[in-house]
Amino acid sequence: MVDLSNLQRQVIHGTDRVGTPKVESAREAIARVNPEVRLAAHRVRLTAENAFALLAEYDIVADGSDNFATRFLVNDACHLAGKTLVSAAILRFEGQIATFKSHLGAAYPCYRCLYRDAPPPGLIPSCSEGGVLGALAGVLGSMQAVEVLKEAMGIGESMAGQLMIYDALDATMRKIRLPRDPACPLCGDSPTIVDLSPHRAVAADAG
Ligand SMILES: [Zn+2]
């Protein structure tokens, strides 16, 4: 649901949408810009049970989720379903963006090559807990849109295998190489994650 505290960074919503479902608010906002955009709003929580069916209709996934359980689920589902993932994250004064296409083979890492497992709940604060400079969402969101379009059109240098870090306080952008980890449990040489069943255990733990 759209909350007043979201509006300083989630510019797709306005004060008149507070209390309404975010997917509906976003759908209406996009339709106002261009009624010819084909939109499918899925008002569901992404789970191990529905992930493949939801991803099946798309070629590229843009993840901007606010929790690690979802980020790992999206990464694993995209790898197993053969989808390209453009992932962006923000916290406080920093943003990170990377493209993952580990399904294309050993030349490419996945999100687990960067972060092996989700940290325990509560260790890393979310934006609502730790705070975030609102305009950062716009910076990273626009960069993410650029990378999605590049992947769709096959132009330029893909961000796959690289991680871009934007430090807003420093006004600097650093791009670091992100190699595939041969010991990665998902895309490594001897994968132990071969379906989404580990995410069912996580969901059960979380109650
Ligand atoms: Zn990996």
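This is a predicted model: local features need pLDDT of at least 70, side-chain atom pairs count only at pLDDT 80 or more; totals for chains, interfaces and linings use all residues.

## Helix H3

H3 is made of 14 residues, and the distance from its first C-alpha to its last is 20 Å, close to the 20 Å expected at 1.5 Å a residue.

Is H3 mostly enclosed or mostly open to the outside? Because 10 of its 14 residues are buried, H3 is largely enclosed by the rest of the structure. Following the helix comes Gly82, which has a positive phi, near 75°.

## The largest nonpolar core

In soluble globular proteins, nonpolar side chains tend to be buried together. In this model the largest nonpolar core has 31 residues, and the members that touch the most others are Ala77, Phe100, Cys110 and Leu140. Two or more residues are given to this core by each of helix H3 (68–81), E2, E3, helix H4 (111–114) and H6. Of the contributors, H3 gives the most, with seven residues.

Which residues does Cys110 touch, once those up to four places away in sequence are left out? Cys110 touches Asn75 and His79, then Phe100 and Ser102, and also Cys184, Leu186 and Cys187.

The buried residues of H6 are Ala137, Leu140, Gly141, Gln144, Glu147 and Glu151. They lie on the same side of H6, because they cover an arc of only 125° around the axis. The covering over these buried residues includes strand E1 (60–63), strand E2 (84–91), strand E3 (94–100) and strand E4 (162–167). On the face turned away from the buried side, H6 carries the exposed residues Ser142 and Met153, and just after the helix Gly154 takes a positive phi of about 65°.

Leu136 also lies in helix H6, but it is partly exposed, since 19 other C-beta atoms lie within 10 Å, whereas a buried residue needs 20 or more. Leaving aside residues up to four places away in sequence, Leu136 touches Ile90, Gly95 and Ala168.

## Residues in the loops

Because it has 14 C-beta neighbours inside 10 Å, Arg92 counts as partly exposed. Ala171, in the loop between E4 and E5, likewise has a positive phi near 55° although it is not a glycine, and with 7 other C-beta atoms within 10 Å it is exposed.

Tyr115 is found in the loop between H4 and helix H5 (127–130) and counts as partly exposed, with 13 C-beta neighbours inside 10 Å. Tyr115 and Phe72 are 43 residues apart along the chain, and their C-alpha atoms are separated by 9.1 Å. Asp189 lies in the loop between strand E5 (172–177) and helix H7 (197–205), and it is exposed, with 10 other C-beta atoms within 10 Å. From Asp189 to Val61 the distance is 25 Å, C-alpha to C-alpha, and they are 128 residues apart in sequence.

## Two domains

The domain assignment divides the protein chain into domain 1 (1–43) and domain 2 (46–205). Their centres, taken over C-alpha atoms, are separated by 23 Å. Six residues from domain 1 and six residues from domain 2 take part in the contact between them. On the side of domain 1 that touches domain 2, one residue is nonpolar, four are polar and one is charged.

Notes:
Residues are numbered from 1 along each chain as its sequence is written. Domain bounds come from an automatic or database domain assignment. Two residues are in contact if their C-beta atoms, placed from the backbone, lie within 7 Å. Ala, Val, Leu, Ile, Met, Phe, Trp, Tyr, Cys and Pro count as nonpolar, Asp, Glu, Lys and Arg as charged, and the others, Gly among them, as polar. A residue is buried if 20 or more other C-beta atoms lie within 10 Å of its own, exposed if 12 or fewer, and partly exposed in between; C-beta atoms are placed from the backbone. Helices (H or I, at least four residues) and strands (E, at least two) are DSSP runs, numbered from the N terminus. The arc is that of the directions from the helix axis to the C-beta atoms. A nonpolar core is a set of buried Ala, Val, Leu, Ile, Met, Phe, Trp, Tyr and Cys residues joined through C-beta atoms within 7 Å. The expected span of a helix is 1.5 Å times one less than its number of residues.
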